[in-house]
Amino acid sequence: MLLPAAPHPERRLSQPIDNPVAVFAILMGVFLLVPLVAARLRVPAIVALILAGAVLGENALAVLERDRAMVLLGTVGLLYIMFLAGLEIDLERFARYRNHSLVFGALTFFVPQVVGTVLAYALLGFGFAAAVLLASMFASHTLVSYPIASRLGITKDDAVTTTIGGTLITDTAALLVLAVVTKSHQGDLDAGFWVRLVVSLAIYVAAVLKGLPALGRWFFRNVPSEGGRDFCFVLGAVFAAAFLAEVAGVEPIIGAFLAGLSLNRLIPEHGPLMSRIHFMGEALFIPMFLVSVGMLVDARVLAGDARALTVAGFMVVVVIATKLIAADATRRLLGYTREQGLLIFGLSVNQAAATLAAVFVGYRIGLFDEAVLNGAVLMILASCLIGPWATERFGRLVAQAAEAATYDPGPAPPRILVPLSNPATAEALMDLALLLRDPRAHDPIFPLAVSREDAAAQVAAAERMLGRAVVHAAAAGVPVVPIVRVDENVAIGISRALLERRIATVILGWNGAVSAEQRIFGSVFDQLLHRSQQQVVVARFGHVALNTTERVLFAVPPYADREPGFEATARTVKGLAARVGARLEVLAVEATTTRLRGLLEQAPPTGLAPRWLPLRAWGELEDALAGVARGADDILVLVSARQGRRSWSPGLDRLPRRLSEAFPAANLLVVYPPESEVVQAAPTSSEAELPFTSLLAPDRIVLDVAAEGPALLRALLEPLVRARPQVGAALVEEALASDRAAVEPTPGLAILHRHVQHVTSPTVFVGVSPAGLTLPGATQPVHVVVLLLSPEGEPEAHLRALATIAHTLGATDVVPRLREATTLPEAWAVLSHEAAPAPAPVA
């Protein structure tokens, strides 16, 4: 159901604005400016947005009306918050600490429910049914301040996981109380009600938790991820689940949360899709919900009604006190710190969705009067001011405590090199690198292209392939340093890059084929294994949707755990399983697993407990895999060894080919542990990310671009043509001579990149089109066009600049803010992020 509209639409100080374009423009201005002002005042942005809604709403300045459109968008924002909570929860930790969630869920429901019922009955003179329904409003809570925890990076903290799990319990119980009280008051509480409720809920929960993951796996494996298709699928699934929850007899917020849990394992935490989900929530949906909540407040009603003020004060005091008692009891019982206990309070004190549902239902059936109605609105305001403040303050302390813990990157530094040669698998290899990369590390990913000939066409083809990989990784917010090499021997070119960049892990793509004269994978791979000491991961993709993996089957041959680099491999495989949300199952010879069990249990993440599938002999591996493997649902990981190592045998070299033939639908990884520890080097100047302002100057920004095709390039270069006609005209001709399609890092942004003679360093020109342009290679209307011109013969500098553009503009709210810019100084302020001195135009 939708959040209710304002309770007193007739009490207005003036006529609200009803022009939809003006209303949307005002809201965008509020979403942009209010958080900036809040940051200056050291006030949580969530609190500021709620207050802004109260000021602009029809009960104050009456600039905006809380009509059905506003209520709809507010409901979308509320469901989005619950979806994010389910999506970001650590399922392994949630399962491990499920008893913690049960403890907190019971305390945060029963303490407010019992205390609230007794006090409402004794102090306010409510009837029993009205007192129980009023107390259920205290028992429930809404994760209004969850976005703060997400921003602080503490969503994996035990206290946050416990709170999210407890939310599902207490909200379900509170909404069940609402249903029972309503049916009882109407005389419809019979056996049929309970049967219908239990049966419909059982069918619904099973359908969402089982059916939605299966549908998601099919979609991600079979539908190309172009434009916003994957985001539209996720959004449609969330709101379908929310609607069906209402059909089943519970509130839509429960359905949104269950949808997040169902899709949790399918959406990698650090990937382009997760970046889009966060962007839409933080930029539009969640602020809309907060403003709509603020618009419910009407302080004039309380000022003129003593009973309303008494009831409101009672409700505010009771909800804060009982939620604080429940959070403190949880802290003491579960052994959390004082800061974690107050963080739980900050997350669980907020009232919104279930409270509104209960108060309006109670008002409609005659259990509540206007005093309770207005008291509930004031309680929502007070709790939504206190909750974000507490979450911000104590969440920071929890985050600081986590950061103070020593970060141990393990035996192998986190640098990853990804040699690319096949455009069809380039994005899949980059996705694998994103999954293997430790998110706590700050090192970039190094995609590499080695060209056998120093011909312009060969280097250009390598650069195009690297460009797509760079944009793909940058869309996930991960730094990338592309490398281009020209070498007659590809293996030697890769080996040199390994040494120069202090690489720890190299990821190679393999098609599963091998000829008679090649020993294991092929001449290049075999040479690289012989020349390198780093960890080597060889990937054969049965399909490229790694996020649909349910299990990681980890095959460890005898004595592999005795190799000097096995600990690094154990960390790599466990980290992969944790980041794709898959179960880890280990196949090893039972007689040799004593030491192996200890190594795997101690390797982080320690919360991921492997399941053991013992073998009597290593020769049984293929038969054992045939009995347990499920094709596309699995990643098969085989630990191999270089020739001469203790765990090596001739059969181990033949095993990758046999597994590739036996399990064509599964993704196969063959991992060679590192031979020795690689010493981490400090980043060089060529690895540090370029500041975007070093590529752009204010006089190279063009607003209100409407031209398309060849005229677009002329429009972007027009400022330079006016300033320096001869150079500008030459650049226009060079840019028009290339037919390279646009790159689309994120919807609404397109990058055109060219090599030309008349620039001495990578140079950027930016065009803004509020109306949108149609460009080849772009799946949606383009509002920001970036033209990158680089000197000929400098592919690495060109790709570094491309990575900087994609990372800076593709993972933030720059595109919508640029669309709102009306002057060049405003656009420059958006692009530079600060009033920094602008670089001089290119010569």
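**Contacts, salt bridges and confidence in the predicted model**

Leaving aside neighbours within four places in sequence, Gln340 is in contact (heavy atoms within 4.5 Å) with Asp157, Ala159 and Val398. The residue lies in helix α15, where helices (H or I, at least four residues) and strands (E, at least two) are DSSP runs numbered from the N terminus. With a relative accessibility of 12%, Gln340 counts as buried, the term denoting under 20% relative accessible area, whereas exposed denotes over 50% and partly exposed the range in between (1.4 Å probe, protein chains only). The structure is a predicted model, for which local features need pLDDT of at least 70 and side-chain atom pairs count only at pLDDT 80 or more, while totals for chains, interfaces and linings use all residues. Residues are numbered from 1 along each chain as its sequence is written, and side-chain values use heavy atoms, with hydrogens and water left out.

The pLDDT, which is the predictor's confidence in each residue on a scale from 0 to 100, averages 81 over the protein, and 88% of the residues score at least 70. Confidence is highest in helix α15 (residues 338-348), with a mean of 92, and lowest in helix α13 (residues 299-303), with a mean of 66. Over residues 678-683 the pLDDT is below 50, and this stretch has 14 contacts in the model beyond near neighbours in sequence. The pLDDT is also below 50 over residues 834-843, for which 21 contacts are found beyond near neighbours in sequence. Where pLDDT is low, the predicted coordinates should not be read in detail.

A salt bridge is assigned where a side-chain nitrogen of Lys or Arg lies within 4 Å of a carboxyl oxygen of Asp or Glu, and by this rule the count comes to 18. One of these joins the side chains of Asp328 and Arg332, with an N to O distance of 2.8 Å; because the two residues are four apart in helix α14 (residues 306-334), about one helical turn separates them. Asp328 is partly exposed at 29% relative accessibility, whereas Arg332, at 58%, is exposed.

A salt bridge between the side chains of Arg551 and Glu585 (3.2 Å, N to O) links distant parts of the chain, with Arg551 in strand β6 (residues 551-556) and Glu585 in strand β7 (residues 583-589), 34 residues apart. Both partners are buried, Arg551 having a relative accessible area of 3% and Glu585 one of 2%. Arg595 forms a further salt bridge with Asp561, the closest N and O atoms being 3.9 Å apart. Arg595 lies in helix α23 (residues 593-602) and Asp561 in the loop between β6 and α22 (566-580), so this pair ties together parts that are 34 residues apart in sequence. Arg595 is partly exposed at 37% relative accessibility, while Asp561 is buried at 6%.

Glu58, in the loop between α2 (45-56) and α3 (68-88), is buried with a relative accessible area of 1%. The side chain of Glu58 reaches the backbone nitrogen of Arg66 at 2.8 Å, and the C-alpha atoms of Glu58 and Met295, 237 residues apart along the chain, are separated by 7.0 Å. By contrast, Leu41, which is found in helix α1 (residues 20-41), is exposed at 59% relative accessibility.

How values were computed: A polar contact is a pair of N or O atoms within 3.5 Å; within protein, one must be able to donate a hydrogen and the other to accept it, and residues adjacent in sequence count only if both atoms are side-chain atoms.
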